[in-house]
Amino acid sequence: MSKSVKFWDRMANRADPQDASIGGIEIKTVELTKKYLKMSDTVLDYACGTGSMTIEITNHVKAVQAMDISARMIEVVKERARHQKIENIHFVQGTLFDAPYEDESLDVVLAFNILHLLEEPHMAIQKIHAL
């Protein structure tokens, strides 16, 4: 297991699975994002973390693919979705580069607060564009 995965697993342990509330800048970001989403969209939330922002968009799209490298982060967002009875969300542990998606198979890829943490962000942006 990589250092990054271990770190994000530990960070997820700090999250309350019953509390998916967001605040401040996250609220503004989600509200701005919703303006670009359609009910027919299939969305990938890359590096979804504990799913606070992911949960907020589920009522505005057809389906959400919640992806993170951390199994613990995925567990938290799954619990949040279950608790809120959200059924149009699917979960993937992994990265963009081992994702089970064909090129041009998604309508929208969201990458909140992740690009600055990547070793090769330009590669991620190319993959996002392809998806």
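Residues 24 or more positions apart account for 66% of the chain's contacts with a separation of 6 or more. The model is a predicted one. The chain has 131 residues, and 44% of them count as buried.

The secondary structure amounts to five helices and four strands. Read from the N terminus, the order of elements is α-α-β-α-β-α-β-β-α.

Strand E1 covers residues 42-46, and five of its five residues are buried. In a regular strand, side chains alternate between the two faces of the sheet. In E1, Thr42, Leu44 and Tyr46 point one way, while Val43 and Asp45 point the other way; all are buried.

| Strand paired with E1 | Sense | Bridges |
|---|---|---|
| E2 (residues 63-68) | parallel | five |
| E4 (residues 108-110) | parallel | three |

Within the pairing to E2, Leu44 stands opposite Gln65. On the E4 side, Val43 has Val108 as its bridge partner.

**Helix H4**

Which residues of H4 are buried? They are Met73, Ile74, Val76, Val77, Arg80 and Ala81. These residues cover an arc of only 160° around the axis, so they lie on the same side of H4.

The length of H4 can be checked against its residue count. The helix runs over residues 71-83, which is 13 residues, and at 1.5 Å a residue it should span 18 Å; the end C-alpha atoms are 18 Å apart, so the two values agree. Just after H4, Lys85 adopts a positive phi of about 60°.

**Lys34 in helix H2**

Lys34 belongs to helix H2, which comprises residues 24-34. Is Lys34 buried or exposed? Its relative accessibility is 17%, and because the cut-off for buried is under 20%, Lys34 counts as buried. Leaving aside residues up to four places away in sequence, Lys34 touches Glu56 and His60.

How values were computed
Residues numbered from 1 in each chain as written. Predicted model: local features only at pLDDT ≥ 70, side-chain atom pairs only at ≥ 80, totals over all residues. Heavy atoms only, no water. Helix = DSSP H or I, 4+ residues; strand = E, 2+ residues; numbered from the N terminus. Buried < 20%, exposed > 50% of the residue type's maximum accessible area, 1.4 Å probe, protein only. Contact = heavy atoms within 4.5 Å. Expected span 1.5 Å × (residues − 1). Arc of directions from axis to C-beta. Pairing = 2+ DSSP bridges.
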